[in-house]
Structures are given as C-alpha cells and as structure tokens.
Amino acid sequence: MDILALLPQAGLNGLVIGAMYALMAIGFSLVFGTMRIVNFAHGEFYMIGSFIAFFSYAQWEVPFALTILITVAAVGLAGALMEWVVIRPLRTDELSSMIATLGVSVVLQNSALMFFGASPRPMPDVVSGLVHLGPAVFSASRIFVIVAAALVIGAFWLFMQKSRTGRAMRAVAQDQEAALLQGVDVERIFPFAFGIGVVLAAVAGALMAPVFSVSPFVGATPMLKAFIVVILGGLGSIPGAVLGGLLIGMIESFGATFLGGVVADMLQLAVVIGILLVRPAGLMGRKEA
Amino acid sequence: MIAKTGLTVRLGLVVAASIVAAFVPDLLPNLFYVHIANLTLLSGIFALSLWIIYSVGQLSFGHAAFAGLGAYMSALLAMRLEVPPAIALIIAALATAGMAALLGAVILRLRGVYFVLVTFLFGQMFTLLVLNWADLTNGANGLISIPAIVIAGVSFGPRPMFFYLVFGVFLAVLLFTWGLKRSTFGRAFDSIHQNIDLAESCGIDTARYQVIAFAIGSGIAGLGGAMMAHYIRFVSPDTFTFHNSVAFITMLVVGGRSLFWGAMIGAAVITPLPELLRDFEGLQHIIYGAILILVLRLLPGGLVSLPSVLRRQGGGQ
Amino acid sequence: MTPLLDVRNISKRFGGLMALSDVTFSVGSDEVLGLIGPNGAGKTTCFNVVSGNTSPTSGSIRFDGQNIVGLRPSRIVRMGLSRTYQATSVFPDSTVLENVVRGAFTRSQDSLAGSIFGTGASAAAQARDRADCMDILEQVGIAHVHDQLAGALPYGYQRRLGVAIAFASRPKLIMMDEPAAGLNPEESQAMGALIRAMHERGRVSVLIVEHDMRLVMDICHRIIVLDHGELIAAGSPDEIRNDPKVIEAYLGTELVT
C-alpha cells in the first residue's frame, strides 16, 4: 500500500482514538478541576463501561442507545456513591484522597478479574458496512464511534453551559471560595462532578468496546493517555482536554503507522514530561497561584 | 532524652536484634518461611526508602521503577561486565540515586499532584524502555540466571544465607533512616513537610533538600531492587511495575506515614498477606485495596497510631 | 554610607497589570521603615519581590552591598534578610521551642554527620541552639508555652511565634507582613512594643507593611507610601500624616492618627 492510501486511514484512526482520549480526559479533568482530586480509578470506570456494553448489547441484545443510557445511570450512581463514601471524608488531604482512588482502582479491577476472568472478549460492531468518501473507504463502525463521541461531548458542553448544575460546576472549578460566596452548594456539586466525570469514562469504554475487546485490564491504557492529555492540555481545562485528546490520538495513529507504536509511546511520555517541566500548568491551563 | 536514644542505645538494639536474627532461619519451620522473611525485609527496605521521600512531603508513584532501575543495572553489570555482584549492587544503588537526583533537579519545582504525575509517568516510561530495549534487557523475557551475591567466598544465594545479608542491609537502612530523621537533614525535611514556605523563609533551601531526599530514597530503592535481583536470580519488566509502587504506598499508609517505623510495620503486615490469603485466589488483591481504603478512612495514622487511638477511646469512656 | 537594603526602580508586571512601577526606596542600618498604602497598592507584591518569592520585571535590589535579584528566598535569608508572613505561619506539629530552633537552622553549629550518629558534640550544639532560642521566646513573651505544639497555640501567640522564628536567624533586616493583622487593639499595641524592643536589643533594621496606622506611626522612623504600584510619598510619620497626596490616596478609608 502506498503512503497516500495510508494517510486517510491513519487520520480516521487518529480521530477514533482521539475522541476516546478526549472523553476520558474531559472526565478526568472535570474531577480534578472541581475537586482537586487525581482519580486513579478513572480507567476502571472505562473498563466498567465496556463490560456493561458487552453484557447489555452483545449478550442480552439491548439496543445500543439504551445500553448507553444504562451505562450513564449505573456508573453515574456508582461514581456519586464513591465520592460520598470514599473521597468526601478525605478531601482535606490531597495525597490521601489520591491514594484512596488507587485503592478503589485495585478493588474494581480485581473484582472484574474474579468475576469475568482475564481473557479478552470480542464484541460485535454496532453498525457495519463501509462508507465511501471520495477515493477513500472507511469502516462505518469507526465513523459511528466518532459521531457518537462528538454527540456526547456536545451534550456535555451544553450541560456545562446551560444547566444550573453545570454552571455551578464551572464556578467551583474557577474559584471555590467565590462560588461559595455566590451561594453555590459546593458539597452538593462534588458528587455530581465526580459522577459525570466517571460517566464520561464509562461512555468512552462502551463506545470503544467493539473497537478494542473487553477485559478487566482495558482501562489502564486509556487512563495513562488521559493523564498525558490533561497534562498536555492543562489540568482542569476542558477545551484543553478535547484538543489534547485529538492531538495525542493523531500523534499516536500517525506515529504508529510511520514509526512503530512503541517509539510513539515513548515519544509521548518524553514530550509530556518535558511540557510539565516547562509549563507545569499545561499548554492551555491557567497558572495556579 | 537525646542521650537516652543516642549512640549506645542504638548499638544495644542492633546487637539484640542481630542475636535474635541469627536464630531466625533455624527456627522457621521450612525454607518457604525463610523466603517470606527475606521478601518482607526487602519490602521493608522499599517502604523505608519511600518514607524518606514522603518525609519532605512528596509521594513517589514510581518508586518501583527506581527499584527496577537498580535491579537491571546491577544484574547487567554482573552478567555483561562480570562485576562481582556485591560491588555491582553498590554501583547500581549510587547510579540510581544519581538518576533520581537528575530527574529530581528538573522536577523539583513541581509539588503535590504534579510531582505524583511525573513520578507515575516516569514509572511507565521505565517499563516501556525495559520492554523495548531488548538488546540490553532481553525485553519481556527478562534476565535469567543472575549471579548470586558472593562476599569473601561466601555465597549469599541460599535462602538462609541471604536472610543474614538482607537482615544486615535492612538494619543498616533502618539505622540510617533513624539517624537521618534526627539529623540536621531530618529537621530540614520535616520543616519542609510541615510548611514549605516557612521552611524556605528559615533559610532552608527547600528545593535542594527535596532533591536530596528523593535521591537518597530512590537510591536505597535501587539497592533493594538490586539485592532482590541477585536473590530471585531473575528480573523482568513485570518484577517492578506500577502495582509494586502501589504496594509500597500501601505499606506506608497501612503502617503509618508519620513515623519512619510505620513503613517497617506496613511492610511486615502487607508482604506476607498474599501468602496467608493463598486459599482465596483472586480475593487477595481486593482485600489489599479494601485494607488501603479502610485504613485511610478509619485509621488515617496507620497501625502505628493504633495504641494512641485506643488509649483516647478508652479514656473517653 | 550605602544603605542596608537598596531598592532601585523596580517594576513588576502581571500580564497587562502593572503591580509596581519604578519604585525606589532604601532601608538604612538600624532603621524602622514603614510601608503603607491602600488595599491593592502593591505592598504585598513589593514585599514578595524583595524577599525573592517573585522576581521583579525590571530594577535592581541590593542587600548589604550585594545583588539579590534572582536569588532563592532561602539564600536571601541566609544573607541576613528574613521575613514574617501575613497569615500565621508556624510548623504546627512541632513544639514552640522546636519552631524557633528551625528558624535558627542556618546558624546552628550542629553537623550532619554528628547529628546522624548522635555524637556529644552534636548534642552540645543542639543544647546551645535550644538555650539560644529560649532567650528569643523570653523576649517575645511566650517562653512559658515552649513545650506546647505550635498548632495548638492561641492566635496571638502564633503571631508572636512567627516573629520569634524570623528573629532566630539573627537577621540584619527583618521584613514584617502585617504583624498586627487580626489582633485586637491591646494585642496590636503589645506587638508594636515587641517589635520596637526586638529592634533596639538586636540592632536589627525593620521593614514593616501594616494597615494599623497607629502601630506604624508609633514605631517607624520613616514611612513610604505606595498607591497603584507607585511610590507617592516618603518621610517622617509627621510628614506622612500631613501629606495631601497620602490623604487623597486614603480618601474614604479611615486614617487613624
């Protein structure tokens, strides 16, 4: 195959991975921005999302749209509960709450391992067929993932702009004390923010389940990438998370096509550590006082 | 008070502990228990070294990577350049400390979350590097038949012999940490931990001390990793992963972060746990995580704070 | 004779905002200088620039004849310029005495090797540090609580402890950021007396940023006034009190005289 034929494919793959990273990173960033918590269990919610999709859609043949709704409801509740039971009591201590999310991650991953076993399960595509765009041919399932992810990101953006809760979250992320003064009930916002944050991870997992396979370990890579993306885009910055996600997705896709996956991975880590050193607040993040 | 815990008392404790230790391999029912004791002492070295980093208010999420760095360097020195293992592990420890100092010097401006993220990413990079630099590291297969440590013709390969060696090293690390805590450095470290801005205003070069603590802690982790490599005789990318870093943090938290010997207790409690929970395959890690969360929630000071918590509750009734 | 602290033409820009523009002043040996100004005048920025917590956009700062721009705060402290904080700032989990010992960290004759091995020489050095710091605690009047945890002290005592920590490094110049903030009138007066006593006994110069006008007028030899990042007046307390520009800057705020 010649280079010109590879380019659109690499671009499309980049968009697919980028959309997933963006979803992961937005959720991660939302939690950090509002609560100042690094959620090391973020990847496990991706894993849970892909398992829900697997059982609901592939096993019990529930329609995919309904599957997504189930994912949102179940993971949202679980996230709010986790905030309430595990994180809330530890919020005054940054390191302790971070370690607690680590504990949650260990519990969730190994529970999945115990119940579902380690072997990866393939899942059928939600839509099939090919899409012809000019000379290039794309698989419809990839296009579907991109469109669905864009819809979710759009819905999230609308929620943050228009709804009272969303606006309150943005106020808290900007300045917690000022938000308190404006009468925002910060304590009530936190479970929402955490719930929505992990829901975004779970939706990413559900959308990607047919693309990759489903196993207890699928959350690790997306979480690592979410870290990289938010560092790149700035911890707590939502537009930064979207742009960073797409950027990393593209770098990865083109890097893997032309350089080999491992080199691309190492390159990413090196670039991100470099950025952290030069601009700790990230490319688009605001400086912390 | 200073005189009481001074040099003589410490020497006395060392002698007493050594006498007890001398009989341990003979008293344990079989070699498997000696193996567990060895692993526990190695964990103790890792947890104590992590505590040194924690004592300046930083938490390393890549501690296992530094242990792995030491392990690979020492193993490669011994295998490729035929450096005697006893010397190789010292070189490896110093080189690991040097690496940490370099990394620390660049990341010293980062605090809290950012420091955690960089150490986490460093750990990931280490695993990737080891996996992919196959010419040197033999990739995912790892290095096999790493030579045992031999000092003056005595091999410390057999489990009971290694016990004496690792006990000696553990004791040395423990005494060093104890001394460090009481030293001028320890005072600077604790000042930084409690109030970094005020520490700087006291004339304490906080960045320098944080790098020093990071280098010392990581260097000791490198030493522990190197010892482990020459003991297990095998090292692979799976030997030192993020999960090991999490295990070290768990030891620190469960034992108690405020006191250095909390790390020791944590290592003693957590290391044998998988063996005790062998019958509950799969459940052991869940219990690990659950213990971590429960201790954070119910006993934030860790096991070392248990006596004072119990006393307070007893007094309240 | 060159002044102890010589600040020349410093400016500090945050984004588009000029927090300090072209500020020049000096503090002589054995002088108590007050720095006042309405809220947002740039006092704290000025303070942070001199102490090395932020660097100026332009201008020069010399202390004891040496350039200190770009040096780390700890380095500046070791040269003899120490500071206190506006909010209480102590080592909360250490005893009051230990807090002051840490303030004297850079002066201690204790050695690293000696303290690791717990030698007699190290113990003796530590004993000297303690005795020395007890003296400082006597001076600030909180020696009787020397064995309590600093975090458990009442607010007024914590403020005094903050002063003791800063004095423990035996500075040539001490910069105090609103030492009377949050204190009631009696406590504030006592703080003023304390600063004056420390100044007279220790031969130490003082640069003080303060809202409490009575305190500033009482203890300062000279006062400089900042408004909108610019120096608008300098002179004796009496001159400042009657300076029309100062009165204008403070218009609407209560000028206690």
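Among contacts in chain B between residues at least 6 apart in sequence, what share joins residues at least 24 apart? The share is 77%, where a contact means that two C-beta atoms, placed from the backbone, lie within 7 Å. This is a predicted model: local features need pLDDT of at least 70, side-chain atom pairs count only at pLDDT 80 or more, and totals for chains, interfaces and linings use all residues. Residues are numbered from 1 along each chain as its sequence is written, while chains are lettered from A and ligands numbered from 1 in the order in which they are written.

**Chain B overall**
- Chain B has 15 helices and four strands, which are DSSP runs numbered from the N terminus (helices: H or I, at least four residues; strands: E, at least two).
- Along the principal axes, the C-alpha atoms of chain B fill a box of roughly 55 × 50 × 45 Å.

**Where chains A and B meet**
- Here 31 residues of chain A are in contact with 31 residues of chain B.
- On the chain A side, helix 4 (94-116), helix 9 (220-233) and helix 11 (261-278) each give two or more residues.
- Helix 4 of chain A gives the most, with 15 residues.

**The sheet of chain C**
- Four strands of chain C form an open antiparallel sheet in the order 2-1-4-5; strands pair if DSSP finds at least two bridges between them.
- Strand 2 (17-27) and strand 5 (66-67) of chain C stand at the edges with a single partner strand each, so one side of each has no neighbour in the sheet.
- Strand 1 (residues 5-14) and strand 2 of chain C pair over seven bridges.
- Phe14(C) stands opposite Leu17(C) in strand 2 of chain C.
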